[in-house]
Amino acid sequence: MSPRLHPPAVAASATTGKPASAGADAGHGFTAEFVAATLDDALASGARVYAISGLQGSGKSTLAAQLAAAAHARGLRAAVLSVDDFYLGRRERLRLGRHVHPLLATRGPPGTHEVALACEVLDRLRAGAAVRLPRFDKLADTRLPPSRWPRAGGADLIVFEGWFLGAPAQREDELIAPVNALERDEDADGVWRGYCNRALAADYPALWSRLDRLLFLQPPGFEVVAGWRWQQEQSLQARHPRRRGMTQAQVRRFVSLFERVSRQALARLPRIADRTVVLDARRRIVAA
């Protein structure tokens, strides 16, 4: 897996392992004008860690790669990281699945990341120190060994992207009613969602505090996410024909794991983020 110290390949984002077709204009990413304006926003704010938050398929990985390429064109060093890089390994998640709740064996929701490592890596990058950048192998469903992490010698701009960056925890009373069939049928007693929410409240604010500026890519609603995620899955399968991918039904179930926190992000992040970019169902920018 190639380092995310740029220049990157934007057309097929090797920096993130996700298809560049997840951009504002599917197949082409965001416009050069928008990317330039976003880089100007990052630089004018003095942000060392510029965060892009957006639900699955919203284009955050594509925008991160495009931002880094634009920064490189201006003579700046840029590093791109994803919250996905800090997933707990499969063994650790299986342990959580056995001891806390079976749903915790599946990566993604709060409580399935090594937050302390993310904070350490961002701090070292901010300080200009040489640091190895963690990488998660989604095909193997585990983090690569440190010997295979690319080394960054320093970065003028750190672009950090993730599907729920900046999202706050819910109140306890908001956890009572299930938001979908998965919660109703597989988490009837609320153990899983309670664990994830407590992790979001206790562990992630330390990471959010390291985000100098936060941009939120706001979709028209959660109902578009399953379709966007299915498009990503199809692109991944086309690029890796030997890969055993998810079916559309499996994608819908997978997305259900993210629904609660995604809806919380949709409700809260427009007021929390420094900048909100509104997208339509085709990922076109409606308002920026």
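Student: Is Lys 138 buried or exposed, or something in between?

Tutor: In this predicted model, Lys 138 has a relative accessible area of 33%, and it is therefore partly exposed.

Student: Which residue does the side chain of Lys 138 meet in a salt bridge?

Tutor: The general idea is that side chains of opposite charge can pair when their charged atoms come close. Here the side chains of Lys 138 and Asp 84 form a salt bridge, with an N to O distance of 2.8 Å. The pair links distant parts of the chain, 54 residues apart, since Asp 84 lies in the loop between E2 and H3, while Lys 138 lies in the loop between strand E4 (136-137) and strand E5 (142-143). Asp 84, at 7% relative accessibility, counts as buried because the cut-off is under 20%.

Student: How many residues apart are Glu 233 and Arg 229, and in which helix do they lie?

Tutor: An α-helix has 3.6 residues a turn, so residues three or four places apart point the same way. Glu 233 and Arg 229 are four residues apart in helix H8 (residues 225-239), which means that about one helical turn separates them. Their side chains meet in a salt bridge of 3.2 Å, N to O, and both Glu 233 and Arg 229 are buried.

Student: Where in H10 does a kink lie?

Tutor: The kink, of about 35 degrees, lies at Leu 266, shortly before the proline Pro 270.

Methods:
Residues numbered from 1 in each chain as written. Predicted model: local features only at pLDDT ≥ 70, side-chain atom pairs only at ≥ 80, totals over all residues. Heavy atoms only, no water. Bend = angle between axes of the 7 residues up to and from the residue. Helix = DSSP H or I, 4+ residues; strand = E, 2+ residues; numbered from the N terminus. Salt bridge = Lys/Arg side-chain N within 4 Å of Asp/Glu carboxyl O. Buried < 20%, exposed > 50% of the residue type's maximum accessible area, 1.4 Å probe, protein only.
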